[in-house]
Amino acid sequence: MNDKEVRKMLENEQIPKELEPENIKLMLDQKAPALKRKKITAVSRFVAIAAACAIVSGTAVHFASKKRNSFTEDTTVTPTTAAENTAAEPNQNVSDDFTNPIKAPYMSSIKDYSDIYSLFSDSAERYKKEYYKSRNRVISGVNDDEADLSTTIENEDQAFTEPAGGKGGGGDYSTTFNQEENVLEADIVKTDGERIYSIGNYGINSVLHITDADDGELSNLYTINLSDEMNSLLGDGYIHKQTYTREMYIYDDMALVIGTTIGQDKSSYNEEYMWYLNSKTVTFVAAYSLDDSHECLGIYYQDGYFNDVRISPDGYMYLITNHNTYNYISVDGAEDVESYIPSYGMSTDIKCIEPENIYVPKTELSPGRTIAYSVIGSLDLNVSKKMAPASIKALVHNDNNYGYGTQIYCAPNNLYMVSSDYYRLPYENVEYGHVEVNTNSSHITRIAINKGEITPAASAKVEGIVNDQFSMSEYDGYFRIATSRNTSTMEYTKGEYYDYSDYYEYEGNADEADEFIPKRVEYGYYDYKDNKMDNVLYVLDLELNEIGSIDDFGVDEYVRSVSFSGDKAYITTFRQTDPLYAIDLSDPASPAILSEFKMNGYSSYLQQWSDGLLLGFGPDADDEGGVIGVKLTMFDNSDSNDIKAIDSYSMIWSDYINDDFSYMTSYAVWDRKALLIDPKKNIIAFPYTANIYDEDYSSEYTEYYKFFSYKDGKLVETGTLSGDYDKDEVNYTGSNIRAIYIGDYVYMITGDGITSADMETITPQDSITFEETYEYEYPDEDYEG
């Protein structure tokens, strides 16, 4: 169906006279088990699954508009105050509405694809009714001599390192720092101790670079263009437009590159806009041999945008993608399965996910024009030079209006997905003066994983939103999660504006136009009356029932970083200063703050350096909370009742620049994998980039790594390394910068090349240049379909 046919169908649609919303009654099967816990409301469906940080146009086989989505009914966990948690007895209130999320099924697999289509159709019809009714929500007013115009207010572990080669003991080289032991995390740069593997994106080209590294000497650069490999993945009906490499692994004898490829439907070319209206987005895992052949061993295909990935200790990769269907109006009936069911498989055997592997909530879908899925696929990596699909699950979201979550936490046997819940304010039949109190919240989903099997296990909703994966931890049979909570009080208020839409009827008649009086139009909006911010730390059991919690700390501040270490949690919050809280979790029912340390700036990342020492990195700030640079801090947490800073190093940007045009930043503030931290080698390094202008307004862009060691209670700067490559055009790829070590040498990898240096002195030894530069491709304006 082309855009003209869609337009014609829209013009012929009958607008309903009134909306008749269906009453949703959640059937609550069971009451709470005997377990003592706090007030919790019912779980009636599976929670929203986490999504990609950013949505770009196009997702599945035939789709156009995309909205991230989340479910609406969960176990709701409401914390008690910090004062209440100091009591000796844990809170023991049990809600009569609680439904055990394990024993009472809250999702079911479908029997046939037509089941999904029926849900889709119903959701789209209800969306159409709500959409057309909402268009007439504004009430027209009368012309008036006076204007009283109102303005609408718009709604803002101890961890372990990866075993060498993915299994077994480590060699004398750096590995990606994993949050949980043997739960392997991907990155954009890896090494096996002999070669450096790095991925990069250069416009329409995405590549894997393979470079030999031997005692600081760099040679034998080999490059694989993954864009070439992906051309055949999309099928004949699509034009390959873009491939993005996301992350990678070195696992046994394979390099596993994860990425996203986007194609455009040849039949949907729009002559007016010179663009393709329909797109297809696929996440892939491409496997390459680590021997000198660099042979492509296979490509795995999974519909949707890349969200996250882990490899479990038993050798299975778990890939999470977010998939949206095409607009319902362009789906050609229930038989057009590929338009509303996600696909998966090896590139030689791509198929729609089987009905029994698609799970739907027991409540109806919210009104919407698309269906949103979270797709979790597992790959068996236990056979040499082979990856094989093991299992697949597609979880349908029942709310098509809000976003997927962005945070994934993975323990050896459980995968946790967290999505932020965005409160929908009521507008229908609301009187002026009505007050709404809204607290942000997060949906948590636990997925049990075992030898590739994927089993939805439990679901809950807690108040507040999570900062990142390190805000979560599973330990000793409990799941701990730290959130930042924002509670807003809003009043539905009368507003007015002038409607000039009829003014254009007077075009060409100046006299009548001068006499035109715009209409005053009345509308309603929500005005913020009060807002409170604080933070909460929850302790849940593995059924996601609340066992204990503590809140009201870091008031008016947000969680910036968390480090769980056994039965202790270290939490940094920030607005003007950096309070670092030490929290005791030894009694899961009654968490308690042991101490608080304040300093300017904040640590965006915390990592245990050794017993009793905690390393922090993040922005430095002045007394008013303005960011002025970055800072390393070594904390003494040997006594959690008296946490303190031993030493710190600040890099103040104004020491390097003195004009309003130049700027400096460190991407490690947002991407902790850009840090190199290894206590065994006594090495700490962070990146920074500088774009410095001269008096002629010419700029020089340079990427650096600054290196440190920790000796005798002091952070000692050992040197700075910069990239110096033989290129006419430099790629501005500061977000793709990494540092690793092999033996006694460090290596700095950027989008332009690799530079090596002696680890002790940071004296440059060698460099190798990547020849790629950014290349873009635009639609062929002469394309006629």
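Two strands pair if DSSP finds at least two bridges between them. Helices (H or I, at least four residues) and strands (E, at least two) are themselves DSSP runs, numbered from the N terminus. The model is predicted, so local features need pLDDT of at least 70 and side-chain atom pairs count only at pLDDT 80 or more, while totals for chains, interfaces and linings use all residues. Residues are numbered from 1 along each chain as its sequence is written, and side-chain values use heavy atoms, with hydrogens and water left out.

**Exercise 1. A hairpin**

Task: find which strand is joined to S10 by 12 bridges, and describe the turn between the two.

Solution: 
- Step 1. Strand S10 covers residues 238–251. Its partner is strand S11 (residues 254–265), and the two run antiparallel, joined by 12 bridges.
- Step 2. Now look at cover: 12 of the 14 residues of S10 are buried (under 20% relative accessible area; exposed is over 50%, partly exposed in between, with a 1.4 Å probe and protein chains only).

**Exercise 2. Positive phi elsewhere**

Task: say where Asp-552 and Ile-762 lie, and whether each is buried, partly exposed or exposed.

Solution: 
- Step 1. Recall the background: most residues other than glycine have a negative phi.
- Step 2. Asp-552 has a positive phi of about 65° although it is not a glycine. It is found in strand S31 (residues 546–553) and counts as partly exposed because its relative accessibility is 33%.
- Step 3. Ile-762, also not a glycine, has a positive phi of about 55°. Ile-762 sits in the loop between strand S47 (753–758) and strand S48 (764–769), and is buried because its relative accessible area is 4%.

**Exercise 3. Salt bridges**

Task: work out how many salt bridges the whole structure has, and which residues are linked with Arg-485 in a network.

Solution: 
- Step 1. A search of the whole structure finds 24 of them.
- Step 2. Arg-485 and Asp-534 meet in one of these, at 2.6 Å, N to O. This pair links distant parts of the chain, with Arg-485 in strand S29 (residues 478–499) and Asp-534 in strand S30 (residues 519–541), 49 residues apart.
- Step 3. Arg-485 counts as buried because its relative accessibility is 10%, and Asp-534 is buried too, at 2%.
- Step 4. Widen the view: Glu-463, Arg-485, Asp-534 and Asp-551 are linked in a network of salt bridges.
- Step 5. Lys-598 counts as exposed, at 53% relative accessibility, whereas Glu-596 is partly exposed, at 40%.
- Step 6. Finish with Arg-310 and Asp-308, which meet at 2.9 Å, N to O; both are buried.

**Exercise 4. The whole chain**

Task: find how many helices and strands the protein chain has, and what share of its residues counts as buried.

Solution: 
- Step 1. The protein chain has 5 helices and 48 strands.
- Step 2. Of its 785 residues, 57% count as buried.

Technical notes:
Salt bridge = Lys/Arg side-chain N within 4 Å of Asp/Glu carboxyl O.
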